[in-house]
Amino acid sequence: MPHFDTMAVHAGRDDFATLCVHAPPLDLSTTYPIHDLDTGTASFDALVAGAAQAANPIYARLHNPTVARTEAAIAALEGTEACVAFASGMAALTAVLLERSQHGKHVLVVRPLYGTSDHLLASGLCGIEAEFVAADEIAARRRADTCLVVIETPSNPTLNLVDIGAVVAAAGPVPVLVDSTFATPVLQRPARHGASWVLHSATKFLGGHGDVIAGVVCCDQSRATALRTVRAATGALLHPLAAWLLHRGLPTLPLRVERAQANAQLIAQRLGAHPAVARVFYPGLPGNANAHLLGTQMSGPGALIAFEVHGGHAAAAAVMAAVKVMTPAVSLGSVDTLIQHPAGLTHRVLDAATRAASGITPGLLRLSVGIEHGEDLWNDLAQALTASTGTGVV
Ligand SMILES: *Cc1c(COP(=O)(O)O)cnc(C)c1O
């Protein structure tokens with residue numbers, strides 16, 4: 001097995017020699033000619049039943065070779081048999097919930113989660129009933145009709161680490177989905193710890209350049225087959241151009257994550273010593289709960305930092321308004337540094353009590369550190385923090 005960095009460059013390119021190409025071909029066909037009806041019918045049956053491929057792709061909602069190459073590449077990086085790509089991270093989660101709703105109605109969920117994931121689960125929209133529990137309550141709350149456990153690690157926005165192996169053990173026969181968006185397969189591969197589905201908002205680090213909305217679920221072949229039948233029926237597929245851009249970003253994923261993480265370590269440390277800052281959430285800082293998972297479950301602390309400024313909402317808004325190098329915007333995992341206000345933006349859909357219980361205070365800001373020079377980022381943040389105090393002196 002080649003090293004991860006080598007796989008990132010070469011994965012999903014197995015058919016290049018046969019095709020005699022050097023870059024992935026972009027196939028935008030919506031339909032494919034069927035010159036032999038029997039082959040067409042057999043292919044149609046196979047794809048509707050969730051086959052990964054068939055002799056004839058038939059129709060782009062059933063199969064697309066550009067998307068399939070990207071899926072193969074991401075499965076290789078995540079260390080799973082298969083990967084199924086969707087139109088967004090939310091479409092990916094929806095597909096898993098719809099598939100699970102055929103097996104039971106009860107889903108156990110550990111908060112905090114990405115705001116819209118929390119909202120989708122709580123809404124009951126996908127025919128499931130979510131119960132929100134702490135990680136150590138899973139074994140006790142499991143029911144006969146529990147069909148799924150959902151966790152996110154590190155979690156959004158407060159960077160809690162959840163012990164995947166412990167959750168899998170507590171879940172027993174119930175399969176576990178891990179949203180690993182914040183970690184990327186560079187830092188964490190949840191399938192190794194027993195996760196049945198690894199979900200990524202590929203909009204974030206996997207895409208990495210702020211120009212693709214995409215979601216992927218990495219899993220074994222039989223679960224992938226089930227997800228492809230949902231995708232074929234509901235149509236939440238990834239557009240081939242988006243898949244192509246996603247594939248294009250993968251070779252630099254390890255470089256991007258390592259550089260962004262190095263910048264984040266520097267910034268987290270300095271934030272911890274800054275007088276305008278009340279609290280810093282970063283898995284790499286001493287005192288973080290479940291820090292023992294660093295170096296075992298997760299190889300590094302990652303590129304996301306949350307921090308609370310003194311002065312609440314007004315001070316947080318002033319920091320966002322004052323940054324010049326960083327981009328004040330939601331989303332994360334881009335080459336450029338993004339700063340946003342969870343209570344006012346990404347976690348706005350949660351009710352106030354849930355927000356408070358998840359540590360999402362009015363003064364909390366979330367930083368997705370990019371690959372710019374670390375000193376430029378720190379200087380920008382330091383001047384914004386100074387501006388936010390209103391005194392010009394901190
Ligand atoms: C952004 C995000 C999602 C949702 O993904 P979209 O691609 O925006 O639909 C899910 N989980 C996490 C952790 C995210 O950050």
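## An exposed loop residue

Ile213 sits in the loop between strand E6 (197-201) and strand E7 (215-219); helices (H or I, at least four residues) and strands (E, at least two) are DSSP runs, numbered from the N terminus. With a relative accessible area of 54%, Ile213 is exposed, given that buried means under 20% relative accessible area, exposed over 50%, and partly exposed in between (1.4 Å probe, protein chains only). Between the C-alpha atoms of Ile213 and Thr153, which are 60 residues apart along the chain, the separation is 21 Å.

## Basis of the model

This is a predicted model, in which local features need pLDDT of at least 70 and side-chain atom pairs count only at pLDDT 80 or more, while totals for chains, interfaces and linings use all residues. Residues are numbered from 1 along each chain as its sequence is written, and side-chain values use heavy atoms, with hydrogens and water left out.

## Nonpolar cores

The largest nonpolar core has 56 residues, and those with the most contacts inside it are Ile74, Ile138, Val149, Ile151 and Leu206; such a core is a set of buried Ala, Val, Leu, Ile, Met, Phe, Trp, Tyr and Cys residues joined through side-chain atoms within 4.5 Å. Helix H4 (residues 65-78) gives the most to this core, contributing five residues. Apart from it lies another core, of 29 residues, which includes Leu271, Val280, Phe307 and Ala382.

Beyond its neighbours within four places in sequence, Val149 is in contact with Leu108, Ile138, Val167, Ala171, Val174, Pro175, Val176 and Leu177. In helix H13 (residues 312-322), the buried residues are Ala315, Ala316, Val319, Met320 and Ala322, and what covers them includes strand E9 (304-309), strand E10 (327-328), strand E11 (338-340), strand E12 (364-368) and helix H15 (374-389).

Thr66 has its place in helix H4 and is buried, with a relative accessible area of 3%. A polar atom of the Thr66 side chain lies 2.9 Å from the backbone nitrogen of Asp27. Residues up to four places away in sequence aside, Thr66 touches Pro25, Leu26, Asp27, Pro240, Ala243 and Trp244.

## The ligand site

The ligand is surrounded by 15 residues, of which the closest are Gly89, Asp179, Ser201, Thr203 and Lys204; a residue is counted if one of its heavy atoms lies within 4 Å of the ligand. An oxygen atom of the ligand lies 2.9 Å from a backbone N or O atom of Gly89, and an oxygen atom of the ligand is likewise 2.9 Å from a polar backbone atom of Met90. From the side chain of Ser201, a polar atom lies 2.8 Å from an oxygen atom of the ligand. Taken alone the ligand exposes 380 Å², and the protein buries 94% of that, with accessible areas coming from the Shrake-Rupley method with a 1.4 Å probe.

## Cysteines

A search of the whole structure finds zero disulfides, a disulfide being a pair of cysteine sulfur atoms within 2.5 Å. For Cys126, which is in no disulfide, the nearest cysteine sulfur is that of Cys147, 11 Å away; Cys126 counts as buried at 7% relative accessibility. Cys218 is also in no disulfide, and the nearest cysteine sulfur, that of Cys83, is 4.1 Å away; at 0% relative accessibility, Cys218 counts as buried.

Methods: Contact means heavy atoms within 4.5 Å. A polar contact is a pair of N or O atoms within 3.5 Å; within protein, one must be able to donate a hydrogen and the other to accept it, and residues adjacent in sequence count only if both atoms are side-chain atoms.
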